[in-house]
Amino acid sequence: MLNPNLGKLIKNYDNRYRLVIDVAHEAREISKQMEEAGDISTEKPVSLAINKLADESDK
């Protein structure tokens, strides 16, 4: 997904702070998994985390 609509994403949260915390937590997990696997990505972990949360909210 390219540039997920944050307005739609935040509808699943009570406030923006919770969204930021969830994105940061997910980005850390993605970064840790990539480091352990030795993967190199051109996309930043925060972007991957936002996309993952957006995909989950669409379901």
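Predicted model: local features only at pLDDT ≥ 70, side-chain atom pairs only at ≥ 80, totals over all residues.
Helix 2 comprises residues 16–37. At 1.5 Å a residue, its 22 residues should span 32 Å, and the 31 Å between its end C-alpha atoms agrees with this expectation. The N-terminal end of helix 2 is capped by Asn15, which places a side-chain oxygen 3.3 Å from the backbone nitrogen of Tyr17. Just after helix 2, Gly38 adopts a positive phi of about 75°.

The buried residues of helix 2 are Leu19, Val23, Glu26, Ala27, Ile30 and Met34. Because these residues cover an arc of only 110° around the axis, they lie on the same side of helix 2. An α-helix has 3.6 residues a turn, so residues three or four places apart point the same way. On the other side of helix 2, the exposed residues are Tyr17, Arg28, Glu35 and Glu36. The cover over the buried residues of helix 2 includes helix 1 and helix 3.

The largest nonpolar core has 10 residues in all: Leu9, Tyr13, Leu19, Val23, Ala27, Ile30, Met34, Ala49, Leu53 and Ala54. At least two residues of this core come from each of helix 2 and helix 3, the latter spanning 45–58. The most is given by helix 2, with five residues. In soluble globular proteins, nonpolar side chains tend to be buried together. Within the core, Ala49 is one of the members. When neighbours within four places in sequence are left aside, Ala49 is in contact with Val23, Glu26, Ala27 and Ile30.

Glu26 belongs to the buried set of helix 2. Its relative accessibility is 16%, and Glu26 therefore counts as buried, the cut-off being under 20%. Apart from residues up to four places away in sequence, Glu26 touches Ala49 and Lys52. The side chains of Glu26 and Lys52 make a polar contact of 2.8 Å. This pair also forms a salt bridge, in which the closest N and O atoms are 2.8 Å apart. Lys52 has a relative accessibility of 36% and so counts as partly exposed, whereas Glu26 is buried.

The structure holds two salt bridges. Besides the pair formed by Lys52 and Glu26, a salt bridge joins Asp22 to Arg18, again with the closest N and O atoms 2.8 Å apart. Asp22 and Arg18 are four residues apart in helix 2, so about one helical turn separates them. Arg18 is partly exposed, with a relative accessible area of 42%.

The relative accessible area of Pro4 is 16%, so Pro4 is buried. With neighbours within four places in sequence left aside, its contacts are Ile50, Asn51 and Ala54. Among these contacts of Pro4, Ala54 is also listed in the largest nonpolar core. Pro4 and Lys44 are 40 residues apart in sequence, and their C-alpha atoms are 15 Å apart in space.

Notes: Residues numbered from 1 in each chain as written. Heavy atoms only, no water. Buried < 20%, exposed > 50% of the residue type's maximum accessible area, 1.4 Å probe, protein only. Polar contact = N/O pair within 3.5 Å; in protein donor to acceptor, adjacent residues only side chain to side chain. Contact = heavy atoms within 4.5 Å. Core = buried A, V, L, I, M, F, W, Y, C linked by side-chain atoms within 4.5 Å. Salt bridge = Lys/Arg side-chain N within 4 Å of Asp/Glu carboxyl O. Expected span 1.5 Å × (residues − 1). Arc of directions from axis to C-beta.
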